[in-house]
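Let's walk through this structure together, one region at a time. Keep the sequence and the 3D view open as you read.

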Amino acid sequence: MPSVFLKTYGCQMNERDSEAVAAQLVAKGYALAPSEAAADVVLLNTCSVRDNAEQKAVDKMTNLAGQFRKQRPGVLLGFLGCMAQSRGRELIDQLPDVDLVVGTQKFHRVADYVDDLLAGRRDKIVDTEEERGSEATIKEHLLNGASKGRAATAFVSIMQGCNQYCTFCIVPYTRGQERSRTIPDIVAECRELVARGVKEITLLGQIVTSYGRREILEHDGKSAFVQLIEAVHAIDGLERIRFTSPHPKGYGDDLVEAYGRLPKLVESAHLPVQSGSDRVLKLMHRGYTRARFLDIIAKLRAVHPEMGITTDIIVGFPGETEADFAETLSLAREVEFDNAFVFKYSPRRDTPAAAMPDQLPEDLIETRHAQLLALINEIAEAKHKACEGRVLQILVEGPSRKNPARLEGRTRANKIVIFEGSERHIGQVMDVRIVRAAPFTLYGDPAILNLN
Ligand code: 5AD
């Protein structure tokens, strides 16, 4: 059978979509190629959130369409996902060697389209249509390490799309309107994963705090999302639950309280703030204030003082003044994030912010980016350092990416720990003593449980 190389750009949702596409291809008999070199089909699953993400995928495809294609004219080339959705046929106009363009509601059709193209039944295929029910089509799992018959962690897609329309963000245009899967459907998928050895599930969506809000009624003061977490929590054999990404606007007290009530919901929260300035938050159409964000953080820490808190921040939004930026710096100091993704504002097509006056010059954005990143890193390192000497629970995920002779796990607060262990530890929840902290990694020693 032909082999397929699938390269993924962007977020965890894209990773998850690629995994489902790969699983569907494997089910049809295709092999997965470790690199493009020997592949018969090369698919790029793309990201549109910033211009450089799009540029990377376009550059890659330009290379593939050049030398590579000349040497191997039969190779099939395709774009999938967000950029495919927002640019559609225009991508083939720009790169005529591309055979396939499949948008975000049609991932489940990719394997059939590849069949059709390879068999010569069709020439070029562009499918960026909307499809009712497409939110429930990202189901198949490959499970990394499936060769060993198990993987400790898995992502589960619970919804698609976003109706928030932040003025900088292209996602509502690439992923469409919010659509949620049902609780029983999601729970069935999670159960099956647990039966296959999965210990930790991350519930995924572009705005998970909006999960099911139109379809599923509040019950006992609990939102649809908290009801979903409870249902997943009840699965025997599942050890840990995470989710990403929530939005501060929909972050109710019921969700904060869930962290206190549900022990499998680990002490980790990724909560994008974007800016520390109320003026900029308003221009961004975020729907909350700095004070409201700080209030959520305080409540989370009241439930769990050890909560690992990370965020996303954009610097250089149109009209951002020195005073606005100073507010972002002060917010970062005040919250002391465990880590943060800091992004330079990138104008996106069709978004209101791209047409706002006072777009900032690149060098100013660059300066602010470097300044904020330095602060974020300084705080993150100090937080890491504070872990030295402590005993922390980890879930062992597999061999370390940097040094496969060692094992790698994650703490409940989502920090990576490397330690010397053996194959039998993979998939285990265990305690390790942190012996050393590097900026991005903790080094641990297995600790003996419950000695005292
Ligand atoms: N420019 C820069 N960063 C952006 N993000 C989303 N849109 C843009 C943009 N136009 C960032 C936000 C979001 C993360 C996934 O990407 O911080 O939370």
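Ser245 sits in the loop that runs between strand 11 and helix 9 (253-261); helices (H or I, at least four residues) and strands (E, at least two) are DSSP runs, numbered from the N terminus. The peptide bond leading from Thr244 into Ser245 is cis, and its omega is near -10°. Before going further, please note that this is a predicted model, in which local features need pLDDT of at least 70 and side-chain atom pairs count only at pLDDT 80 or more, while totals for chains, interfaces and linings use all residues. Residues are numbered from 1 along each chain as its sequence is written, and side-chain values use heavy atoms, with hydrogens and water left out.

Another backbone detail is found at Tyr165, which has a positive phi of about 50° although it is not a glycine. Look for Tyr165 in the loop between strand 8 (159-160) and helix 6 (171-175).

Back to strand 11: which sheet does this strand belong to? An open sheet is formed by 3 strands in the order 7-10-11, with parallel pairing; two strands pair if DSSP finds at least two bridges between them. At its edges are strand 7 (153-157) and strand 11 (240-244), each of which pairs on one side only. From one strand to the next, the twist averages 25°; axes here are lines fitted to C-alpha atoms, for helices over the stretch in contact, and angles run from 0 to 180 degrees between N-to-C directions. Strand 10 (residues 200-204) joins strand 11 in the parallel sense over 5 bridges, and Thr202 stands opposite Arg242 of strand 11. Helix 8 (residues 224-233) packs on this sheet and touches strand 10 and strand 11, its direction making about 150° with that of strand 11; contact means heavy atoms within 4.5 Å.

Strand 1 (residues 3-8) pairs with strand 3 (residues 41-46) in the parallel sense over 5 bridges, with Val4 opposite Val41 in strand 3.

Strand 15 (residues 391-399) and strand 18 (residues 429-437) pair in the antiparallel sense over 5 bridges, and Leu395 has Val429 of strand 18 as its bridge partner. Strand 18 also pairs with strand 19 (residues 442-446), again antiparallel and over 5 bridges. A hairpin of 4 residues joins strand 18 to strand 19, and Val432 has Pro446 of strand 19 as its bridge partner.

Finally, which residues surround the ligand? They are Val49, Arg50, Phe168, Gln274, Asp312, Ile314, Phe343, Lys344, Tyr345, Ser346 and Arg348, where a residue counts as near if one of its heavy atoms lies within 4 Å. By class, this shell has 5 nonpolar, 2 polar and 4 charged residues; Ala, Val, Leu, Ile, Met, Phe, Trp, Tyr, Cys and Pro count as nonpolar, Asp, Glu, Lys and Arg as charged, and the others, Gly among them, as polar. Strand 13 (308-315) and strand 14 (339-344) each supply at least two residues of the shell.
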